[in-house]
Each structure stands twice: as C-alpha cells, then as structure tokens.
Amino acid sequence: MEKLVYSFNEATKEILGELGPRGRNLVKMLELGIPVPFGFTILPEAAENITDEVREAIHNKISELEEVAGKGFGNESSPLLVSVRSGKGISMPGTLEGILNVGLSDEEAKQFPKLKSVLADEFSLEPYEQLEAAIKRVYSSWEKPEAFFRNMKTDAGDNSIIVQQMVYGDKDDNSFSAIVSTRNLETGENAITCEYKVNASFEDLLKSKENLGFADLEKQFPYEAAKIVKICRILEDSYKNVQTIFIVCESGRLYVLKSDIAGMSPEAKARAAREMVSEGLIGKKDAVMRIEPGEIELGEIEPGEIEGLTTEDARAILSWADEFKSLKVRANVDNAEDAELALTLGAQGIGLVRTEHMFDTEQKLTAIRKMILSETDEKRSEALAEILNFHKKDIKKIFEVMEDRPVTIRLLDMPFAYFFPTDDEEIKQLAAQVHIAYDKLGAIIDRLKEENPMLGTRGARLNIIYPEVARMQAEAIARAAIEVKKEKGVDVSPEILVPMIATEEEFFFVADVVKQALDETLAAAASEAAQQPFGKAFDTAAAAEALDIKFLIGSMIEIPRAAIVADKLAERAMSFSIGTNDLTQMVYGISRVDTDQIIKEYEKKGIFKENPFKTLDLEGVAPLIESAIKKGRKVKENIRTGVCGEHASDPKSIEFFQEINLGYISCSPKDVPKARLAAAQAAISQREKQ
Ligand code: PEP
Ligand code: MG
C-alpha cells in the first residue's frame, strides 16, 4: 500500500511537494538540527478519506510519538497532547488553522485547568476519536468553496494535515512564548528582535501589551537567548531571507514551532536585501527579485522633495536592477522640471512630450487661441510665430536637461476645443480679450466642440487639416535642437512623433510636412553658420555641423488599423511608439475618459478580471502590438520601438513588453523607479524561463 503518513524525519524528496509549506518547513528545520516538537504529516488524500489503513498508520505514528515524548495518548497522569494543523501554514478567515490540545479528556481538563480543548466535551475519554474529528475539521475547513477559491489565488500549497506534540510556554516561570525575527522588521538592521512573555501562551503574548524584547531575554534567559541566536543564523543561512520564528520554551527546553519569511516595511526589506548582498548571503539578482515593484512606488512628489522609497538601499537595489534590465526606461514629461525629476529617478530618455500640455501659461494659451481664431493668413502666421517661440524655448530647456539622451516630442494631439473655456463667464472674458463678440466666439467654440472629443480632430487629422501647425512644431523642435547643439556642443537626439495614425497615407502626409520644415530650418541654420564667424566667409565645417542632427520621424501605433498596416508605416517611419491607452480604448470601444463607472461595475461582476486601462489585456490587445512590432521589424529591422501608455509602468504589462523585446517603456517620472525594477525582474524571469 502506498505510504500516506510520514514522520517529520521520514519525508523523502518525492513527497516534499505534498506536505504543504508548513510541513516542508518542519522537515527542513529538523534536518538543520533545530529542535521542533516531533510529529507526523498526513498527506491530503489520506486526510480527505480516513480509511482503516490510514487509521492504522496514524496509530503507529502516535505510538512513535509517545515514545519520543515519554507520555501516553489518553494517559490520565501524563497525557500526550497534540496539535492538528493544516500544512498550508497560512490563516484565512473562515478556516481552521489548527486545533490544539487534542487528546485531552474531560477529567484531564479538570486536572490541568489552564488547558483548553474544543473537543474535550464531545469526546470525553476517547482520544483517537478526537484526533480523527480534528483532522476532518481542519481539512474540510479548507475545502469550503470560499476558502478553496481564495486559496487558489494565494497558491498556498497542499492541504496536508500536521499532527505534532503540544509544547507549552505557559507551564511555569521557566517557560515562555516568543516571536523572534532574524532582523529588525522596522529598519531592516541586522539585529535580532523579539517579543516574549514568561509563563504565557502565544495567545497571551499576542494579547499582551507588556511584552519584553531581545535585550531582556538575553538577561533573563542567557542560555536560551544564545541558542536563539544560533537558530536565527541557521534559518537565515538556509532560507536566505529574513525569518520570523515562533518559539516556545517549556520548562527550560526550547522548541521552534514554525519559521516564515518575515513581513517587513519596504524600506526594511531593501536594507536587509542590500546587507545580505554585502554579507555574501544572497546575490544581487535575489535582491532585485525580492522587492515588489509596487513597494518602490513613490508618493506624491513635492517639488524637490521625493517621498517614498528613495533610501540609499533602494537606490543600490535599483542600480543593480539596471544591470539586469534590457528594456530602456524613459519618462513622459511636459516640461524641463519633469525631465529633471525623471533624470534624477533614473530615466534614460524622454519617451513622450505631449505638446498639447505645453500651453501652461495664460500667455501661451492666448497665443494658441489667437491662432485658432485668426481669420487671415497673416494673423495666423503671427500667432504661429508666437507659439513657435514659446515652443522652441520650452523644448530647448528639455534638450538642455536631457543632453544626448533621446527625446520624443509628439505633434499636437488634442481637438482645438480643448484650448477653450466651457464656462459662459470665461467665454465672455475671453471675447473681450480677443475682441470678438461673445455670440460669435460662442458659435466658434460650439463648432469646434465634438460629441466624443477623444476620437475626433486629434493627432494626424488635426495636422492634416492644419499642416501649418505641424510645420510650426517641427520648426520649433529643429531650432531648439540647433541652438542647444551650438551653445552646449551637445548631440541632441530628437524624435518627432505623429499621433493618431490609421493609414500610411496619413503618416506620409504629415511626415512630409515635418521633414520639409526640418530640412528648411536646418538649411537656414547651415547657411547662417556658414557666414560665421565674421559674417562673410563660408565655413563648410560649421555648416556641416549645424546640419548634423539626426531627427527621427515616428508613428504612434494606437489605432488598431495602424497596428495592422505597421509594415506599410515602417517603410517611412523610423520609430514606433505604442500608445496603449488609445489602443485599448479603440480595441474595446470603451472611452478611456468617462467610463470609470462601467469599468468598476465590470470588475465587480467579474466581467473584467483587471482594468484593461491599467494592465494590458494580454489576450485582446497585446497580440495586435506583437504583430505590429513584427511587421515593422520585417521591413526595418532596427526600427526604434517603445510604449508610452499607462501600461508602461505596470509590472505584468512590462513582462509582455520584455517578451516582445521592445526597445523602451516610457512612464510618468514618479513611476520610473518602479518601472526600472519591474523591467529588471521581467528580464531575469525571461532568462530563467529560457
Ligand atoms: C496613448 O494613447 O497610449 C498615449 C500615450 O497617448 P495619450 O495618452 O496622450 O493619448
Ligand atoms: Mg494616444
């Protein structure tokens, strides 16, 4: 017959997997020479169906235990009492983590008033019946549907049953219960911390507010404290992680009940991981894998001041992360201050400047409004020149911060209505300011309004209807680049992105406009440079240098059709930037701006397992991206590829971007550290899978 019940010292490699985390922990501790109360494990299938054979095996194991303990199961004067626990080693609402003092009869309960047994009343003098009932209860509490489903999510392992000799921290004044951590859980410092209480059970310890610490233990129980130090070292060396250990000292004899990975604050986790690397206990890779990307998330960032996980330890771990990652991490910014922050947080470039966000002062806003409202070409040119000036200055500042790192600037991607007020009072004020009658201005704004502004005159469409806007933006970018190159001698690396592309004709049209503006601006700069230094002689070298700036013109892939015709786009596009926000919106046909309510309802009803605007939909959206990238690379092997939607800082989405070997991910500056860590973890996992 197949063996279904194993003493802790009998577990073979083959059955370790079935013992559950707690069962494995006990076997391992015993192997390491750590004193654990002796016992045995009943495999899940035997616990589920207690046959006569199983019953016999349990009897035999109890006899073994009686011998080890020198006590008798059901013996009135010296009873062997056991605990019955699930091998899962976790607790969950609605489940029985364990039943204590099994084997205690009514009579004995009277003799040992401190001992409580939930089973004594029901099974007064029949300890084996108690034991069987306890096994059934603990096992089935984990098989209840709610527990079963929650448990599937936590992947807590097998539902084996562990029967173990009871030991008591509340036996006398030479007894205590202690919860010991191998390092300080608040700070991560390599110093043992503990809470203990003399003559107390764990229940007493957890309730009490007057527990003592490790320094007290060293004074009060120096011999046990020294043993605990050894146990801590052995367990840390073996598990290579900070451990929280449950210890009972019964009349001077020390027992370890269990040892788990300690729960720590992110700061403490980072410090412990970093120090374990210096101690040679773990490698850098383990340290990088150990911190959750979410734990490195930064809070709100006050100017200059960065809250959250920015300790030296976190920085060290992030710098190791950079050694493992292959995806470049860039940031989406609207101005030079954001760019500076992004750089401080480790961004390797700017993946997206949304130029519609650059109208951040009254003056700039007035200029674009004037441009939109201009009735003559002359007035429009005047307004465009004014915007060009603002644009050039703002873009130049970003180039100055980023130096030779790549900076991707996207052409205007918002309907013109976005630049106007919606409030009547404000429209009145604006009418007076721009000298247009209120009624007339109201009518113009109404005309610009769109039922669903998220899919209207945006991106390429806007730039095709008003090519002068694209031309102006390209010129501003070129001039900013030329000036930074001239003044700082820096080789700037600009990229101009055309948003909302559906067809190759759209892209070619806008790319032509942009290219022409770039060429003309560069030619003008070259001829200007050629006149220098005295305004006369033609300086060929200066002209060549002024022209030697490589501008990439790229296409956003954010409309499903663009993903499908990516090969055609790649004939001219030098880069692809995947806009996962719009792509998700259009694949789902759900607006990304005003549908929070639908998404919440869908999540509640289980229709969406995850919000597809946060975590990339691997089934419905990711394949489009994968095929677009493949098609693009077929036509242009080294086409630059990146992603700039919200998904760029989501760890699960990053795993996918790693799988398709994307060039970069670009997220908001404050998410850069999180993205760096997630990118490193994705690269490590990918390598380990191969
Ligand atoms: C996107 O669509 O994913 C994107 C980055 O652009 P925006 O959010 O500005 O539309
Ligand atoms: Mg978009």
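Predicted model: local features only at pLDDT ≥ 70, side-chain atom pairs only at ≥ 80, totals over all residues.

Author: The conventions come before the questions.
Residues are numbered from 1 along each chain as its sequence is written, and chains are lettered from A and ligands numbered from 1 in the order in which they are written.

Reader: How many salt bridges does the count come to?
Author: A salt bridge is a side-chain nitrogen of Lys or Arg within 4 Å of a carboxyl oxygen of Asp or Glu. By this rule the count is 45 salt bridges.

Reader: What separates arginine 271 and glutamate 275 in helix α11?
Author: Their side chains form a salt bridge, with N to O at 2.9 Å. Helices (H or I, at least four residues) and strands (E, at least two) are DSSP runs numbered from the N terminus. Arginine 271 and glutamate 275 both lie in helix α11 (residues 266-278), 4 residues apart, so what separates them is about one helical turn.

Reader: Is lysine 364 buried or exposed?
Author: Lysine 364 meets aspartate 394 in a salt bridge of 2.8 Å, N to O. Aspartate 394 is in helix α16 (residues 377-402) and lysine 364 in helix α15 (residues 362-373), so the pair ties together parts that are 30 residues apart in sequence. Buried means under 20% relative accessible area, exposed over 50%, and partly exposed in between (1.4 Å probe, protein chains only). With a relative accessible area of 10%, lysine 364 is buried.

Reader: How many residues apart in sequence are the parts that lysine 396 and glutamate 483 tie together?
Author: The side chains of lysine 396 and glutamate 483 form a salt bridge, 2.9 Å from N to O. Lysine 396 belongs to helix α16 and glutamate 483 to helix α20 (residues 467-488), so the parts tied together are 87 residues apart in sequence.

Reader: Which residues coordinate the magnesium ion (ligand 2)?
Author: Donors are N, O and S atoms within 2.8 Å of the metal (3.2 Å for Na, K and Ca); water is not among the atoms, so sites may look incomplete. At 2.0 Å, the magnesium ion (ligand 2) is coordinated by Glu558 (OE) and Asp582 (OD).

Reader: Which helix gives the largest share of the lining of the second largest pocket?
Author: On a 1 Å grid over the protein atoms alone, a cavity is a set of points where a 1.4 Å probe fits but cannot get out, and a pocket is an open set with protein on both sides within 12 Å along at least five of seven lines; lining residues have an atom within 4 Å of a point. The second largest pocket has a volume of about 660 Å³, and among the 28 residues lining it, those closest to its centre are Asn581, Phe613, Lys614, Gly645 and Glu646. A volume is the space filled by probe spheres set on the grid points, which are joined across faces, edges and corners. The largest share of the lining, 4 residues, comes from α26.

Reader: Which element gives the most to the lining of the largest cavity?
Author: The search of the whole structure finds 1 cavity of 30 Å³ or more, and the largest cavity has a volume of about 40 Å³. Its lining consists of Glu655, Gln658, Glu659, Ala682, Ser685, Gln686 and Lys689. With 4 residues, the element that gives the most is α29.

Methods: Heavy atoms only, no water.
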